[in-house]
Amino acid sequence: MDKLFNNRWFLRFFSLVIATMLFLMVNMDDMGSQPGVFPVTNSEQLTVEDVELGVYYDDEQYAIVEMEDTVDIQLSGTQSALNLFQVTSPNYEVYVDLEDLGPGVHNVNVEHRDFPAGVDVSTEPESVQVTLEEREMTTLPVEIEFMNENELPEGYTLGEPEVTPEEVEVQGASSQLQDIDSLQAYIDVGGAEETIYETVEVTVYGPYGEVLDFAVDPNTVDAVVPITPPSEEVPLEVETEGTLDEDVELVDLSVEPETATIYGDLDIINDISAVEAGPIDLSGITESETMEMDIDMPDEVRYIQPETANVQVIVEDAEVDEADENEDENNEEETEEQDTQTLDLPLQMDNVPEEVQVTDTEEELLNVTVEGDEEELDDLSEEDVRLYIDFDELDDENLDEGDEASYEMQLEVEGPSNFMYEPEMESVEVEITNPEDSE
């Protein structure tokens with residue numbers, strides 16, 4: 001077929017056929033009037049319905065309140081002229097001219113032009129009623145309406161839309177402006193997982209949801225619709241690396257804030273139990289400091305809030321820390337409930353030489369004051385504590401060579417180590433007798 005249409009002789013022949021057909025269509029009536037060629041043909045009519053009615057008027061000053069939108073046209077002429085009209089579809093026009101008219105109700109004739117020669121034209125109706133009013137302007141807000149909101153992915157939420165400009169100008173007849181119910185712009189949010197940035201057309205609606213024809217400036221607005229993925233608040237932990245110098249010791253490591261919010265698909269964020277800030281190199285820390293650290297965003301998480309955190313590292317000198325610990329221990333001891341108890345104990349004698357007899361000059365029972373935890377003292381009895389003197393401290397060489405001698409011996413107390421003991425006297429006088437020497 002391509003080769004055929006590329007053949008210039010074929011194109012010439014095809015053009016000749018078309019030209020002949022057009023000639024016959026235009027001159028069919030004349031040929032038909034010749035005796036013996038075609039029967040005589042009368043004038044024919046053709047009706048074209050619902051032809052758009054154009055209008056010329058000062059649209060900056062006036063607004064059309066009422067006018068027919070369409071009219072029917074009646075064409076009459078020879079059959080060949082009407083056939084040519086239907087075949088060629090010429091750019092004709094049917095209109096009313098209101099250029100010289102002011103506000104009010106007017107009956108104006110319907111006019112036409114650019115129809116083919118040989119075709120008579122009439123309109124139905126021949127005139128129409130038109131109402132003109134002074135044009136006014138008002139400013140109205142634009143509302144964003146969502147479509148397919150129920151098709152958002154699970155867990156995703158819509159934020160408050162932002163529209164720029166927030167208001168637009170609407171021009172029209174004053175009697176019609178009051179019929180405006182709202183100005184709306186529609187955005188399809190079905191399946192959206194990210195914030196939508198879109199330029200949308202503004203439509204004017206009447207009180208029953210019908211679309212009204214008004215001039216809107218601008219007729220489009222820029223809309224931003226935040227789409228927030230599912231979120232989860234998780235603990236914020238501090239990641240460290242390296243070790244502190246031996247001269248310092250870590251007292252506290254804290255982070256502010258203590259939690260972060262992660263955003264992403266539900267099956268991702270539900271498996272995350274915590275996020276980390278850092279890492280902090282402890283080997284480079286010699287004194288307490290606060291630093292701002294990035295928070296590590298786990299894989300497949302969309303974003304995280306906040307993105308940084310303040311990490312406070314408190315260190316102290318190791319010796320100072322040890323002293324503080326001792327002080328703390330002492331304080332703890334001081335804070336324990338202390339009490340005293342007096343025990344009446346017999347004096348016992350340890351390591352008495354075999355060759356001597358010992359007689360103490362004091363009473364049989366001596367008082368010993370015991371100090372310690374109140375609760376533990378309640379469980380202490382006289383069987384748990386022993387009062388004694390030890391003759392190992394008295395060397396044989398120091399024994400008096402006489403038959404009988406007196407010695408001042410240091411009193412000793414033995415008992416549980418968690419108590420303090422104080423005898424009523426520090427020493428006791430004893431008499432030692434050597435039986436052999438006395439014989």
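This note goes through a predicted model point by point.

1. **Ground rules.** The model is predicted, so local features need pLDDT of at least 70 and side-chain atom pairs count only at pLDDT 80 or more, while totals for chains, interfaces and linings use all residues. Residues are numbered from 1 along each chain as its sequence is written, and side-chain values use heavy atoms, with hydrogens and water left out.

2. **Overall make-up.** The protein chain has 9 helices and 34 strands. Both are DSSP runs numbered from the N terminus: helices are H or I with at least four residues, strands are E with at least two. Of the 439 residues, 29% count as buried. Buried means under 20% relative accessible area, exposed over 50%, and partly exposed in between (1.4 Å probe, protein chains only). The accessible surface comes to about 28,200 Å². Carbon and sulfur atoms hold 41% of that surface. Areas come from the Shrake-Rupley method with a 1.4 Å probe; for residues, only the protein chains shown count as cover.

3. **Contacts along the chain.** Residues 24 or more positions apart account for 70% of them.

4. **Negative patch.** Ten acidic side chains are worth a look here: Glu237, Glu239, Glu241, Asp267, Asp271, Glu276, Asp281, Asp296, Asp299 and Glu300 gather in a patch of negative charge on the surface. Patch members have over 30% relative accessible area and no salt bridge; like charges are joined within 9 Å, and nonpolar side chains (Val, Leu, Ile, Met, Phe, Trp, Tyr) within 5 Å. Asp and Glu count as negative, Lys and Arg as positive; His and the chain ends are not counted. Each charge is placed at NZ of Lys, CZ of Arg, CG of Asp or CD of Glu. Strand E20 (231-241) and strand E23 (275-281) each supply at least two residues of the patch. E20 gives the largest share, 3 residues.

5. **The loop between E24 and E25.** Asp299 is in the loop between strand E24 (289-294) and strand E25 (303-305). Glu300 is in the loop between E24 and E25 too. Asp299 is exposed at 69% relative accessible area, and Glu300 is exposed at 63%. Glu300 also has a positive phi, near 70°, in a residue other than glycine.

6. The structure holds 5 salt bridges (a side-chain nitrogen of Lys or Arg within 4 Å of a carboxyl oxygen of Asp or Glu). In one of them, Glu193 meets Arg302 at 3.2 Å, N to O. The pair links distant parts of the chain, 109 residues apart: Glu193 is in the loop between strand E13 (182-188) and strand E14 (196-201), Arg302 in the loop between E24 and E25. Glu193 is partly exposed at 36% relative accessibility; Arg302 is partly exposed at 31%. With Asp265, Glu193 and Arg302 are linked in a network of salt bridges.

7. Glu93 forms a salt bridge with Arg113, with the closest N and O atoms 2.8 Å apart. Glu93 lies in strand E5 and Arg113 in strand E7, so the pair ties together parts 20 residues apart in sequence. Arg113 is partly exposed, at 33%. Asp350 forms a salt bridge with Arg386, at 3.1 Å between the closest N and O atoms. Asp350 lies in strand E27 (residues 338-350) and Arg386 in strand E30 (residues 386-390), so this pair ties together parts 36 residues apart.

8. **Backbone points.** The peptide bond from Thr164 to Pro165 is cis, with omega near -5°. Pro165 lies in the loop between strand E11 (162-164) and strand E12 (167-173). A cis peptide bond also joins Gly278 and Pro279, with omega about 10°. Pro279 is found in strand E23. Asp114, not a glycine, has a positive phi near 70°. Asp114 sits in the loop between strand E7 (111-113) and strand E8 (119-124).

9. **Helix H4.** Ser80, Ala81, Leu82 and Phe85 are buried in helix H4 (residues 79-88). Just after H4, Ser89 takes a positive phi of about 45°.

10. **Leu101.** Leu101 is in the loop between strand E5 (93-97) and strand E6 (104-109). Leu101 is partly exposed at 24%. Leaving aside neighbours within four places in sequence, Leu101 is in contact with Tyr62, His106, Val108 and Leu132. Leu101 and Asp58 are 43 residues apart in sequence and 9.0 Å apart in space, C-alpha to C-alpha.

How values were computed
Contact means heavy atoms within 4.5 Å.
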